[in-house]
Amino acid sequence: MIKNTAFLAALTLFLLIGWLAGELSFLAPYKTALFRLHGWQIVSVVVLVFMHLCAVFYVLARWLFVRDTGRKLMHVDRQLIGSDGVHQDLPVEQWSARR
């Protein structure tokens, strides 16, 4: 899930930088001075925006994809504990310890 959120954040950041480059084309004659004087600030902001996008996409992915996991796992655990459950098909090492 982290790999997917980082990819989505990088893609979003790439599109954002491309859009900004098109909008700020009037600054092209001054690019050497801008990057020489303020390059570390630009890189810091890009890294900060990337980290925030990763966090936002990670929270969104957890909210969308992991929302009912606890309920589903409790259902499987109840089946494993029960006498008519599927634990006869599983090896003994995978049986639930709670009885």
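Mentor: Begin with confidence, since this is a predicted model. The chain averages a pLDDT of 84, and 71% of the residues score at least 70.

Trainee: How should a low pLDDT be read?

Mentor: Where pLDDT is low, the predicted coordinates should not be read in detail.

Trainee: At what angle do H1 and H2 pack?

Mentor: The angle between helix H1 (residues 2–23) and helix H2 (residues 31–65) is about 135°, and their axes are 8 Å apart. Angles over 145 degrees count as roughly antiparallel and 65 to 115 as roughly perpendicular; H1 and H2 are therefore oblique to each other. Their crossing is right-handed.

Trainee: Which residues in H1 and H2 meet?

Mentor: From H1 the contact takes in Ile2, Thr5, Ala6, Leu8, Ala9, Ala10, Thr12, Leu13 and Ile17. On the H2 side they meet Val46, Val49, Phe50, Leu53, Cys54, Phe57, Tyr58 and Ala61. Sorted by class, the contact of H1 with H2 has 15 nonpolar residues, two polar and no charged ones.

Trainee: How far apart are the C-alpha atoms of Ala55 and Ala6?

Mentor: Those C-alpha atoms are separated by 9.0 Å, while Ala55 and Ala6 are 49 residues apart along the chain.

Technical notes: Residues numbered from 1 in each chain as written. Predicted model: local features only at pLDDT ≥ 70, side-chain atom pairs only at ≥ 80, totals over all residues. Heavy atoms only, no water. Axes fitted to C-alpha atoms, helices over the stretch in contact; angles between N-to-C directions. Helix = DSSP H or I, 4+ residues; strand = E, 2+ residues; numbered from the N terminus. Parallel < 35°, antiparallel > 145°, perpendicular 65-115°, else oblique. Left-handed = near helix turned anticlockwise from the far one by under 90°. Contact = heavy atoms within 4.5 Å. Nonpolar A, V, L, I, M, F, W, Y, C, P; charged D, E, K, R; others polar. pLDDT = per-residue confidence, 0-100.
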